[in-house]
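Me: I would like to learn how to read backbone and side-chain features from a model. Can we take them one at a time?

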Amino acid sequence: GHYGRGQFQQHSAAFIIKSTNMPSLTTPRLTLAFLLLIVSSSLALFVPANNPLLLYQGRVEFTSDGDAMFDWSGTSVSIAFKGVDISAIIEDEGNTYDVFTDGGNPLVSITTFSNQTTYYLEWILPGVHTVTLYKRSEALVGVARFKGFFLDTYQAQVHPITPPPSRKLQIFGDSITCGYGNLGKSPCSFTVATEDNYYTYG
């Protein structure tokens, strides 16, 4: 696995997140529009989880059918693509993820609540973009099974991502290291909603 956060080029992009299910959503940085929309994936280009152009950071185990499984907080998967629409397929229940675009701060946080959830991101600005799914909740919440991305078929392309620095830092700790309650107000008991590994000291 890889440790640390990747370095990506900065771009200006706007997007709308749409889900086939009704997740719990929070927007720590920006106000976004959320639309509920069921979209068929039959006309999409599927990018499986084991595609060599995807960038993983953290401890990841690949299954015999090519899915990526992980449970540690801070694990992420990134894709660089050219297209209009992108969606991620995650079999999970209860974990939370930050969604990054083009190397900026997380634009939205998503809480999974069913065995398989599809999140659709519709790009408003054309060009090549990078999307990162970052697991913010800790291992006790459960194991995630990432199956891949869907891209729209209109000139959709997957692009290589600039690899992160070769030197990495591995941090050992406990729930405090994972971000226990770092978004809550003291005193507070543990909830997934108030834990975000991205904002921890590690």
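This is a predicted model: local features need pLDDT of at least 70, side-chain atom pairs count only at pLDDT 80 or more; totals for chains, interfaces and linings use all residues.

Me: How many salt bridges does the structure hold?

Reply: A salt bridge is a side-chain nitrogen of Lys or Arg within 4 Å of a carboxyl oxygen of Asp or Glu. The structure holds 6 of them. One of these joins Asp-67 and Arg-145, with the closest N and O atoms 2.7 Å apart. Asp-67 sits in the loop between β6 and β7 and Arg-145 in strand β14, so the pair ties together parts 78 residues apart in sequence.

Me: Is Asp-67 buried or exposed?

Reply: Buried means under 20% relative accessible area. Asp-67 is buried, at 4%.

Me: Which residue forms a salt bridge with Asp-98?

Reply: Arg-136 does, with the closest N and O atoms 3.4 Å apart. Both residues, Arg-136 and Asp-98, are buried. Arg-136 also forms a salt bridge with Asp-196, at 3.7 Å. Asp-196 lies in the segment after α1, 60 residues from Arg-136.

Me: What should I look for in the backbone?

Reply: Most residues other than glycine have a negative phi, and most peptide bonds are trans. Here Asp-102 has a positive phi of about 55°. Asp-102 lies in the loop between β10 and β11 and counts as buried, at 1% relative accessibility. The peptide bond from Ser-186 to Pro-187 is cis, with omega near -5°.

Me: Which residues form the nonpolar patch on the surface?

Reply: Leu-169, Ile-171, Ile-176, Tyr-180 and Tyr-201 form it, with about 550 Å² of accessible area together. Ile-176 lies in helix α1 and counts as exposed, at 52% relative accessibility.

Notes: Residues are numbered from 1 along each chain as its sequence is written. Side-chain values use heavy atoms; hydrogens and water are left out. Patches are made of residues with over 30% relative accessible area and no salt bridge: like charges are joined within 9 Å, nonpolar side chains (Val, Leu, Ile, Met, Phe, Trp, Tyr) within 5 Å. Accessible areas come from the Shrake-Rupley method with a 1.4 Å probe; for residues, only the protein chains shown count as cover. Helices (H or I, at least four residues) and strands (E, at least two) are DSSP runs, numbered from the N terminus. Buried means under 20% relative accessible area, exposed over 50%, partly exposed in between (1.4 Å probe, protein chains only).
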